[in-house]
Amino acid sequence: MSSQFQDPCYFEGKASMKCVMDNVGDKSKCQQYFDSYKKCKKFWYDVYVGRRQADLKPHLPPVPERQAYLEKYVKTKKVPISLDDDIK
């Protein structure tokens with residue numbers, strides 16, 4: 001299985017590395033990419049922990065559902081553990 005399916009922050013990580021490579025290792029020019037990657041990792045870690053604590057499996061939502069999790073977060077400002085509003 002491809003990394004992009006296992007790692008929900010695959011593209012953010014790739015963008016960070018591309019920036020570093022494009023700027024010949026000058027990381028100071030890539031801070032926005034690093035920040036985006038860190039925010040992504042924190043979001044999905046919080047989803048993972050919440051789902052694990054609620055005993056929802058898989059702990060990390062399937063790839064086809066991930067966009068809906070992000071949209072729900074934008075709408076509610078709360079890290080969702082489920083797309084079902086009855087599950088808190």
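From the N terminus on, the elements of the protein run α-α-α-α. The model is predicted, and its average pLDDT is 92.

**Confidence**

- A pLDDT of at least 70 is reached by 94% of the residues.
- Helix α3, residues 31–53, has the highest confidence, with a mean of 97.
- Helix α1, residues 3–6, has the lowest, with a mean of 81.
- Where pLDDT is low, the predicted coordinates should not be read in detail.

**Overall dimensions and burial**

- Taken along the principal axes, the C-alpha atoms fill a box of roughly 50 × 30 × 20 Å.
- The protein has 88 residues, and 24% of them are buried.
- Consider the contacts between residues at least 6 apart in sequence: 42% of these join residues at least 24 apart.

**Helix α2 against helix α3**

- Helix α2 covers residues 10–22 and packs against α3 at an angle of about 160 degrees.
- The axes of α2 and α3 are 9 Å apart.
- The angle is over 145 degrees, so α2 is roughly antiparallel to α3.
- The crossing of α2 and α3 is left-handed.
- On the α2 side, the contact uses Glu-12, Gly-13, Ala-15, Ser-16, Cys-19 and Val-20.
- On the α3 side, Tyr-33, Phe-34, Ser-36, Tyr-37 and Cys-40 meet them.
- By type, the residues of the contact of α2 with α3 are 7 nonpolar, 3 polar and 1 charged.

**Ser-16, within that contact**

- Ser-16 lies in helix α2.
- Its relative accessibility is 6%, so Ser-16 counts as buried.
- Leaving out residues up to four places away in sequence, Ser-16 touches Tyr-33, Phe-34 and Tyr-37.

**Helix α3 against helix α4**

- Helices α3 and α4 pack at an angle of about 100 degrees, and their axes are 12 Å apart.
- The angle falls within 65 to 115 degrees, so α3 and α4 are roughly perpendicular to each other.
- From α3, the contact draws on Phe-43, Trp-44, Val-47 and Arg-51.
- From α4, it draws on Arg-66, Tyr-69, Leu-70 and Tyr-73.
- The residues of the contact of α3 with α4 comprise 6 nonpolar, no polar and 2 charged.

- Lys-57 lies in the loop between α3 and α4, the latter being residues 63–76.
- The relative accessible area of Lys-57 is 61%, which means that Lys-57 is exposed.
- Lys-57 and Tyr-73 are 16 residues apart in sequence.
- In space, the C-alpha atoms of Lys-57 and Tyr-73 are 19 Å apart.
- Lys-72 lies in helix α4.
- Lys-72 is buried, because its relative accessible area is 17% and the cut-off for buried is under 20%.
- Not counting residues up to four places away in sequence, Lys-72 touches Lys-77, Pro-80, Ser-82, Leu-83, Asp-84 and Asp-85.

Notes:
Residues numbered from 1 in each chain as written. Predicted model: local features only at pLDDT ≥ 70, side-chain atom pairs only at ≥ 80, totals over all residues. Heavy atoms only, no water. pLDDT = per-residue confidence, 0-100. Helix = DSSP H or I, 4+ residues; strand = E, 2+ residues; numbered from the N terminus. Buried < 20%, exposed > 50% of the residue type's maximum accessible area, 1.4 Å probe, protein only. Axes fitted to C-alpha atoms, helices over the stretch in contact; angles between N-to-C directions. Parallel < 35°, antiparallel > 145°, perpendicular 65-115°, else oblique. Left-handed = near helix turned anticlockwise from the far one by under 90°. Contact = heavy atoms within 4.5 Å. Nonpolar A, V, L, I, M, F, W, Y, C, P; charged D, E, K, R; others polar.
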